[in-house]
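Reader: I should like to learn how to read the features of a structure, one after another. Please give the general idea each time, and then the case at hand.

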Amino acid sequence: MAERSHSYRTRAVILRRRKYSDADRILTVFTPRLGKRMLIAKGTRKTTSRKAGHLELFSHTNLLVAQARTWDIVTESETVEGFLQLRRDLDAISRAAYICELVDAFTAEDDEFEPLWDLLLLCLRELDAGSADMPESDLLLRWFELQLLGQMGFQPELFACLGCGEDLQPVENFLHLNAGGVFCPNCGRAMQGAEPINARTLKILRHLFRTRWDALRGLRIGPDTAQAVESVLQRYLTTTLERRLKSTDFIHRLRQTLPGRESGVAPSAKSAATDDSHGQPGPDPPYTGAKR
Ligand SMILES: [Zn+2]
C-alpha cells in the first residue's frame, strides 16, 4: 500500500502512444483537471497485459497513476468509453487522430484546462456516434478547430476590421493570416500578405465560431464554401502553431530542462489525507494527487 499514498486517480484520453522500451510505452494523455501529461504504461506492449486493452488511442479511461521521478506510471486503468464504433471506420479514426494531434499541439504539460477536455470528449463522442455522413464530420472538424483556437486565445478576428475597428460588412473583405484575422476592403485591399475572403466564407466561419455544436448539426455548406473554410482554417492553424511553437512551447521546454526543476515531489498532506478515494469506482473521481 505504501506506493498508493503517492498515487492519484484521473480520467484521461490517450492522445499519443510511443514505444519506450521492449514492454513499456509512453502515453501522452489529456485529463480534465491536470491538462496534458506524459505517463509510462508498463507492460502494455505485451499481448498478455491486462492493461493493454484499456490504453488504446483516443480511449477515455480512468487511470490510477503512481508518482515517480520522471514520468508518472499508470498502475491501473479501466475504460470509461472505448469509442468502438469510431474504431470501425477509417475516416472516423483519422478524424479522431487529427483532433488528438491538435489538442497535443496546442497544449503544454500540466496546463489544466477543463473546457478543452469537454470539447475533446464531445468531438470523440460525435465521431463515435457514427456520422458516416462525410459533410457533417468535416463540419465537426472545422467547428472543433475554431473552438480550439477560441479556447486557447488564438481566435481569428472575424467580426471587426483589424485596421480601423469597424464592423465587417457582408462584402469581399481581406484575410491576413499573420495579422490574425480580417480587414475591411478599405484597410486590406492594398495590404501586403492580405487575400480576399468572400462574404459567404466569412459568414460560415463566424457561424461556426459562435454556435454550439448541437445547433450546427445538419448544417449543409456548398462544396466550394466548405473547401474555402477548410483552407482558411488549415493555413490559420499552421501559422498560429508555428508562432506558438516558437514562443510558449519553447519556453515551457526550456523551463523543464533547467536544472533544479522539481520532479517527483511527494503529495501534500491534504492529498495524502484524501487518498482513500482510490477504492471507489465512479465516472469522475476527485483528483487527489499533488499538482506539480
Ligand atoms: Zn478597416
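**Helices, sheets and burial**

Author: Let us begin with the length of a helix, whose expected span is 1.5 Å times one less than its number of residues. Helix 5, residues 199-210, has twelve residues and should therefore span 16 Å at 1.5 Å a residue; its end C-alpha atoms lie 17 Å apart, which agrees. Helices (H or I, at least four residues) and strands (E, at least two) are DSSP runs, numbered from the N terminus.

Reader: On what kind of model does this rest, and how are its residues numbered?

Author: Residues are numbered from 1 along each chain as its sequence is written. The model is predicted, and local features need pLDDT of at least 70, side-chain atom pairs count only at pLDDT 80 or more, while totals for chains, interfaces and linings use all residues.

Reader: What is the mean pLDDT of the protein?

Author: The term pLDDT denotes the predictor's confidence in each residue, from 0 to 100. Its mean over the protein is 82, and 77% of the residues reach 70 or more. Over residues 259-292, however, pLDDT stays under 50. Where pLDDT is low, the predicted coordinates should not be read in detail.

Reader: Which residues of helix 5 are buried?

Author: A residue is buried if 20 or more other C-beta atoms lie within 10 Å of its own, exposed if 12 or fewer, and partly exposed in between, with C-beta atoms placed from the backbone. In helix 5 the buried residues are T201, L202, I204, L205 and L208. They lie on the same side of helix 5, because they cover an arc of only 160° around the axis; the arc is that of the directions from the helix axis to the C-beta atoms. In the protein as a whole, 33% of the 292 residues are buried.

Reader: Which residues does L205 touch?

Author: Two residues are in contact if their C-beta atoms, placed from the backbone, lie within 7 Å. L205 touches L158, V229 and V232, residues up to four places away in sequence not being counted. Between L205 and L158 there are 47 residues in sequence and 7.6 Å in space, C-alpha to C-alpha. L205 counts as buried because 23 other C-beta atoms lie within 10 Å.

Reader: How does helix 2 compare with its expected length?

Author: Helix 2, residues 114-128, has 15 residues and reaches 21 Å from its first C-alpha to its last, close to the 21 Å expected at 1.5 Å a residue. Its buried residues include L116, W117, L119 and L120. Just after helix 2, G130 takes a positive phi of about 80°.

Reader: In what order do the strands of the barrel follow one another?

Author: Strands of a sheet pair through backbone hydrogen bonds, either parallel or antiparallel. Here two strands pair if DSSP finds at least two bridges between them. Five strands close into a barrel in the order 1-2-3-5-4, with mixed pairing. Neighbouring strands of this sheet are turned by 50° against each other on average, direction ignored. Axes are lines fitted to C-alpha atoms, for helices over the stretch in contact, and angles run from 0 to 180 degrees between N-to-C directions. Helix 1 (residues 90-106) packs on the sheet, touching strand 1 (7-19), strand 2 (25-31) and strand 3, and its direction makes about 110° with that of strand 1.

Reader: Where does F58 lie, and is it buried or exposed?

Author: F58 lies in the loop between strand 3 and strand 4 (60-66). F58 is buried, because 22 other C-beta atoms lie within 10 Å. Its phi is positive, about 70°, although F58 is not a glycine.

Reader: What is the order of the open sheet?

Author: The open sheet has three strands in the order 7-6-8, paired antiparallel. Its edge strands are strand 7 (181-183) and strand 8 (195-197), each pairing on one side only.
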